[in-house]
Amino acid sequence: MEFQTTDLCDANEGKVRAVAPMFRSFGGLGRFAGPIRTLKVFEDNALVRSTLEGPGQGCVLVVDGGGSMRCAMVGDQPSTWWARPMSG
């Protein structure tokens with residue numbers, strides 16, 4: 001799959017937005033796409049874990065940790081779940 005963010009934005013004006021490059025990659029892929037699932041949590045990764053253990057159906061999981069630096073949302077165990085495709 002080859003695409004540029006600028007081309008996607010131009011082709012879908014008013015329908016998509018790009019975010020500042022603040023994300024870190026944990027999946028080992030340079031590019032990926034799929035429906036987005038968003039979790040908003042604060043200093044508790046239980047919902048992240050239960051979501052990753054469930055069916056993913058090709059979705060991209062985005063976790064909003066509320067800016068806290070006191071609790072890892074993805075540690076050593078959850079990161080191994082991310083390394084595999086979420087089951088569908």
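Q: Which backbone oxygen lies 2.7 Å from a polar atom of the side chain of threonine 51?
A: That of leucine 47. Threonine 51 sits in helix α2. The model is predicted, so read this distance as a computed value.

Q: Is threonine 51 buried or exposed?
A: Threonine 51 is buried, because its relative accessible area is 14% and the cut-off for burial is under 20%.

Q: Which residues of α2 are buried, and where do they fall around the helix axis?
A: Start with the general idea. An α-helix has 3.6 residues a turn, so residues three or four places apart point the same way. Now the case here. Val48, Thr51 and Leu52 are buried in α2. Viewed down the axis of α2, these buried residues fall within an arc of 95°, so they line one face of the helix.

Q: Which residues make up the largest nonpolar core?
A: In soluble globular proteins, nonpolar side chains tend to be buried together. In this model the largest such core has 7 residues: Leu39, Val41, Val48, Leu52, Leu61, Met73 and Val74. Val48 and Leu52 are also among the buried residues of α2.

Q: What does valine 41 touch, setting aside residues up to four places away in sequence?
A: Valine 41 touches Leu47, Val48, Val63, Asp64, Gly65, Gly66 and Met73.

Q: What is the phi of glutamate 43?
A: Most residues other than glycine have a negative phi, and most peptide bonds are trans. Glutamate 43 is not a glycine, yet its phi is positive, at about 55°. Glutamate 43 lies in the loop between β1 and α2 (46-53).

Q: Why does glutamate 43 count as partly exposed?
A: Its relative accessibility is 28%. The partly exposed class lies between the buried limit of 20% and the exposed limit of 50%, so glutamate 43 belongs there.

Q: Which side chain does a polar contact of 2.7 Å join to that of glutamate 43?
A: The side chain of serine 68. Serine 68 lies in the loop between β2 (60-64) and α3 (76-82). Serine 68 touches Phe42 and Glu43, not counting residues up to four places away in sequence. With a relative accessible area of 19%, serine 68 is buried.

Q: Is methionine 69 buried or exposed?
A: Methionine 69 counts as exposed, because its relative accessibility is 81%. Methionine 69 is in the loop between β2 and α3. Its C-alpha atom and that of glutamate 43 are separated by 8.4 Å, and the two residues are 26 apart along the chain.

Q: Where is proline 35, and what is it in contact with?
A: Proline 35 is in the loop between α1 (5-11) and β1. Leaving aside neighbours within four places in sequence, proline 35 is in contact with Gly58, Cys59 and Val60. Proline 35 and glycine 56 are 21 residues apart in sequence, and their C-alpha atoms are 9.8 Å apart in space.

Q: In what order do the elements of the protein chain run?
A: From the N terminus on, they run α-β-α-β-α. That gives 3 helices and 2 strands. Take contacts between residues at least 6 apart in sequence: 68% of them join residues at least 24 apart.

Q: How many residues does the protein chain have, and what share counts as buried?
A: The chain has 88 residues, and 19% of them count as buried. Its accessible surface comes to about 6,800 Å², with 55% belonging to carbon and sulfur atoms.

Q: Where is confidence lowest, and where is it highest?
A: Where pLDDT is low, the predicted coordinates should not be read in detail. In this chain, confidence is lowest in α3, at a mean of 57. Confidence is highest in strand β1 (residues 36-40), at 91. The mean pLDDT of the chain is 78, and 76% of its residues reach 70 or more.

How values were computed: Residues are numbered from 1 along each chain as its sequence is written. This is a predicted model: local features need pLDDT of at least 70, side-chain atom pairs count only at pLDDT 80 or more; totals for chains, interfaces and linings use all residues. Side-chain values use heavy atoms; hydrogens and water are left out. Helices (H or I, at least four residues) and strands (E, at least two) are DSSP runs, numbered from the N terminus. Buried means under 20% relative accessible area, exposed over 50%, partly exposed in between (1.4 Å probe, protein chains only). A polar contact is a pair of N or O atoms within 3.5 Å; within protein, one must be able to donate a hydrogen and the other to accept it, and residues adjacent in sequence count only if both atoms are side-chain atoms. Contact means heavy atoms within 4.5 Å. A nonpolar core is a set of buried Ala, Val, Leu, Ile, Met, Phe, Trp, Tyr and Cys residues joined through side-chain atoms within 4.5 Å. pLDDT is the predictor's confidence in each residue, from 0 to 100. Accessible areas come from the Shrake-Rupley method with a 1.4 Å probe; for residues, only the protein chains shown count as cover. The arc is that of the directions from the helix axis to the C-beta atoms.
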